[in-house]
Amino acid sequence: MSVKAFRVEKGEAGFSRSIVSREESELPAGELLIEVKFSSLNFKDGLSATGNPGVTRNFPHTPGIDAAGVVLESSHGDFVVGDEVIAIGFDLGMGTSGGYAERIRIPANWAVKCPSGLTLHSSMIIGTAGFTAAECVQKLEQSGMTPASGPVLVTGATGGVGSVAVKLLAQLGYEVTAVTGKAEKTDWLKSLGASNVISREEAAAGADKPMLAETWGGVVDTVGGDILFNGVKSLRYGCSLAACGLVAAPTFGASVLPFILRHVNLLGIDSVQLPIDQKAAIWQRLATDWHMDLSDLEEVLTLDTLSGAIDRILAGQMVGRGVLHL
Ligand SMILES: NC(=O)c1ccc[n+]([C@@H]2O[C@H](COP(=O)([O-])OP(=O)(O)OC[C@H]3O[C@@H](n4cnc5c(N)ncnc54)[C@H](OP(=O)(O)O)[C@@H]3O)[C@@H](O)[C@H]2O)c1
């Protein structure tokens, strides 16, 4: 049986992308064979597709850290043929052939059953990016954030993580300030629920100062660098910043001052290795009390349009969530 797949190859001239037909028998071992119906585009997929060794080392490779589809074969007692499942993170699309193909084969403990309240399609509008936004909000709330804590800053706001974070926070009653480099998307961000929109330059101003005015009741940071630590320096007393991304920079200049003067917290967020029971619990929330209508965030992608979207996400130009329809 041959399946259509997006493939990245390493050649003398660099990395190339194409759509190929490959044999199902070439897929890695695993307890579940899944017919992929939808996948999605995340920043990390762009890194994988361009040979970033921190994400993917062995080529040829099929990226796609997200997949939603139907179980075709199962050798694990928790899943039967016909189950609708979601798989994000772990090694999918990194070292293991990923969701940019009509089929994947994965270990059963990488998959959760699609909860009622979500569809395979809506789960991939969320995808890793939206899931990570929810993880940030959950950890901030576990650390004490409530709408009474003060306005919440979301950086990289038109991106995948940022746009879902804006939508979810606004739906939960938070006042949201969105940081964007795309001033022309101000009205779009307001339509998602942002009360206020500021520029990246404004968010990065004052990086040389030891402390900034107490402003935020919480921060969801997707960019790293000066913007991240400015966020920490402008948290209100006892509040927290959730750090999940590095599109601006993986490093930042820091001092202990905000931690010892304002009792603030810097929270780490990882969606990749998060244990499957915790992943399932967050999917359940996204299907119930945190259910969102995210249709206005979707850009429909096909295998044919994926390569152009990969270039756009690496250039910081994607808006919302690219969803691959297979
Ligand atoms: N920790 C985890 O488990 C996890 C999970 C998912 C994602 N991530 C990380 O989170 C980050 C965002 O992922 P994503 O999928 O949402 O990516 P994305 O869709 O590309 O969004 C990133 C956004 O950041 C802004 N941006 C781009 N370049 C920038 C720069 N140089 N300085 C400041 N802002 C910049 C842009 O938004 P504006 O134009 O609106 O500013 C861009 O749309 C990535 O670093 C990704 O690797 C981590």
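In what order do the six strands of the open sheet lie, and is their pairing parallel or antiparallel?

1. The order is E10-E9-E8-E11-E12-E13, and the pairing is parallel. Keep in mind that this is a predicted model. As background, strands of a sheet pair through backbone hydrogen bonds.

2. Look at the two ends of the sheet. Strand E10 (196–199) and strand E13 (265–268) are the edge strands. Each of them pairs on one side only. On average, neighbouring strands are turned by 20 degrees against each other, with direction ignored.

3. Strand E8 (residues 152–154) pairs with strand E11 (residues 216–221) in the parallel sense, over three bridges.

4. Next, the helices. Helix H3 (residues 160–171) lies across E8, strand E9 (176–180) and E11. H3 runs at about 160 degrees to E8. H2 also packs on the sheet, where it touches E11, strand E12 (235–243) and E13. The direction of H2 makes about 150 degrees with that of E12.

5. Then the largest nonpolar core, which has 96 residues. Ala 133, Val 154, Ala 165, Val 166 and Leu 169 touch the most other members. Helix H2 (residues 120–142) gives the largest share, ten residues. Domain 1 (2–114 + 294–325) and domain 2 (128–268) each supply at least three residues.

6. Finally, zoom in on Ala 133. Which residues does Ala 133 contact, leaving aside its neighbours within four places in sequence? They are Val 161, Val 164, Ala 165, Leu 168 and Val 220.

Technical notes: Residues are numbered from 1 along each chain as its sequence is written. This is a predicted model: local features need pLDDT of at least 70, side-chain atom pairs count only at pLDDT 80 or more; totals for chains, interfaces and linings use all residues. A nonpolar core is a set of buried Ala, Val, Leu, Ile, Met, Phe, Trp, Tyr and Cys residues joined through C-beta atoms within 7 Å. A residue is buried if 20 or more other C-beta atoms lie within 10 Å of its own, exposed if 12 or fewer, and partly exposed in between; C-beta atoms are placed from the backbone. Helices (H or I, at least four residues) and strands (E, at least two) are DSSP runs, numbered from the N terminus. Domain bounds come from an automatic or database domain assignment. Two residues are in contact if their C-beta atoms, placed from the backbone, lie within 7 Å. Two strands pair if DSSP finds at least two bridges between them. Axes are lines fitted to C-alpha atoms, for helices over the stretch in contact, and angles run from 0 to 180 degrees between N-to-C directions.
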